[in-house]
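I opened this notebook to record what I looked up, starting with the metal sites and moving on to the backbone.

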Amino acid sequence: MTPVKTTGRKFGLAMLGLGLFVASALPAAAHEEERGRRRADNAPLVIGHRGGANGYLPEHTLETYALGIELGADYIEPDLVATKDGHLIARHEPNLIDTTNVKDLPQFASRRKTVMLDGVATDGFFASDFTLAEIKQLRAVQSFPERDQAFNGKFKIPTLSEVIELAKRKSREEGRRIGIYPETKHPTYHQGIGLPLEDRLLAILQQAGWNHRNAPVFIQSFETANLRYLRSRTSVRLIQLVDANDVKPDGSMDLTAPYDKPYDWVVSNRAGTFADLLTPAGLQEVRGYADGIGPWKPYLIPSACKTVAKGACADANGDGLVDERDRVLLPVTPVINNAHRLGLLVHPYTFRSEQKRLTGTFKENPVNEYLAFYEAGVDGLFSDFADTAVAARAMFLLKHDPDYAACLLNSRRCERNND
Ligand SMILES: [Ca+2]
Ligand SMILES: [Ca+2]
């Protein structure tokens with residue numbers, strides 16, 4: 001039996017007392033098979049979304065990645081955009097206006113402009129108008145207004161190479177393997193401005209010794225054509241992201257443009273929507289070029305609300321606000337099982353701890369949301385709060401894996417094999 005390995009040292013055990021799993025709210029059928037399969041040696045990965053600690057610090061900085069690792073993330077996620085001089089840097093969008101202090105720097109005032117980004121007129125400051133040296137003059141800011149703004153202006157924008165260097169150093173320090181999970185942002189857009197991401201990414205992975213199947217790397221994209229291209233050039237694991245615009249009151253997906261389909265389908269006039277990628281036929285197609293899917297989480301476990309006039313969700317809990325708390329969880333969809341049948345990994349996004357973002361069924365406790373998805377059989381998930389994801393995983397493993405519990409008795413650090 002594979003030795004039980006999980007990051008026991010970092011568990012936020014204080015969280016555990018808060019989390020009584022609402023198992024009765026979830027359909028129990030068909031989980032037994034998953035439970036049997038799910039042991040600590042293939043326990044779900046915690047992927048540090050935008051760093052994994054961006055619930056606490058501004059996203060996509062070395063400081064945030066380092067904290068995400070310290071909180072227990074197995075992988076850290078650099079979203080990638082290109083600079084004018086062709087460097088890959090970690091930013092959520094080519095537009096720097098929401099995640100940096102660029103608009104406060106007079107030396108760059110003249111760079112402000114409006115560009116068409118995937119068919120949408122977008123105002124701001126674009127990474128492709130800045131050299132790396134200029135990018136290094138910027139500082140990151142917290143893009144979620146409700147999160148702590150105290151660290152704004154303190155941290156620099158890292159390159160992909162710097163993120164890899166950090167992951168390797170932290171792997172040595174932590175005694176466990178930290179991976180990276182880069183996302184190619186707006187691949188068609190980057191090709192259109194003469195700064196395609198794909199070969200640049202592979203060159204940097206090659207340089208790092210990480211351009212191979214067993215490297216601690218997943219590459220993700222919302223587009224399909226660039227993943228197919230990458231498949232022809234690398235054996236690194238690839239993940240097809242699957243987006244949507246919103247969830248309708250009845251729990252079905254709202255596929256309104258521009259979040260209706262991969263942008264390369266818009267360009268190539270391919271009919272259909274993101275949802276088509278998750279049908280059995282769609283998954284079969286994805287399997288031809290990718291190793292897994294990264295769906296928005298309601299594709300796996302949707303939620304519904306009662307409606308009022310014009311089909312809007314009602315304020316079910318009567319707190320004067322209409323948000324996720326007014327929704328109830330629906331049964332698990334067949335997507336996870338269908339994907340697993342084809343050998344595809346399933347890594348949904350994004351898990352966030354704010355109560356307004358938690359479906360009412362979870363009783364305002366983010367641990368319950370993680371548990372619901374772990375129980376449903378996901379292979380990993382993207383979290384803004386890696387500590388909570390790791391704590392919930394500990395609860396999940398304790399429930400289903402006696403070896404893990406035994407390891408915890410004898411070791412401060414029961415580490416898993418990330419691969
Ligand atoms: Ca991302
Ligand atoms: Ca409400």
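The model is a predicted one, in which local features need pLDDT of at least 70 and side-chain atom pairs pLDDT 80 or more, while totals for chains, interfaces and linings use all residues. Residues are numbered from 1 along each chain as its sequence is written, chains are lettered from A and ligands numbered from 1 in the order in which they are written, and side-chain values use heavy atoms, without hydrogens and water.

**Calcium ion (ligand 1).** I listed its protein donors as Glu-77 (OE), Asp-79 (OD), Asp-79 (OD) and Glu-183 (OE), lying 2.1 to 3.0 Å from the ion. Donors are N, O and S atoms within 2.8 Å of the metal, or 3.2 Å for Na, K and Ca, and because water is not among the atoms, sites may look incomplete. I then checked burial, where buried means under 20% relative accessible area, exposed over 50% and partly exposed in between, with a 1.4 Å probe and protein chains only. Glu-77 is buried at 2%, and Asp-79 is buried at 1%.

Asp-315 is partly exposed at 28% relative accessibility, and Asp-319 is partly exposed at 34%.

**Cis peptide bonds.** I noted that the peptide bond from Ala-257 to Pro-258 is cis, with omega near 5 degrees. A cis peptide bond also joins Tyr-349 and Thr-350, with omega about -20 degrees.

**Positive phi.** Which residues that are not glycine did I find with a positive phi? His-60 has a phi of about 55 degrees, and Asn-269 has one of about 60 degrees. For accessibility, I recorded His-60 as buried, with a relative accessible area of 0%, whereas Asn-269 is exposed at 70%. His-60 lies in the loop between strand S1 (45-48) and H3, and Asn-269 in the loop between H9 and helix H10 (280-287); helices (H or I, at least four residues) and strands (E, at least two) are DSSP runs, numbered from the N terminus.
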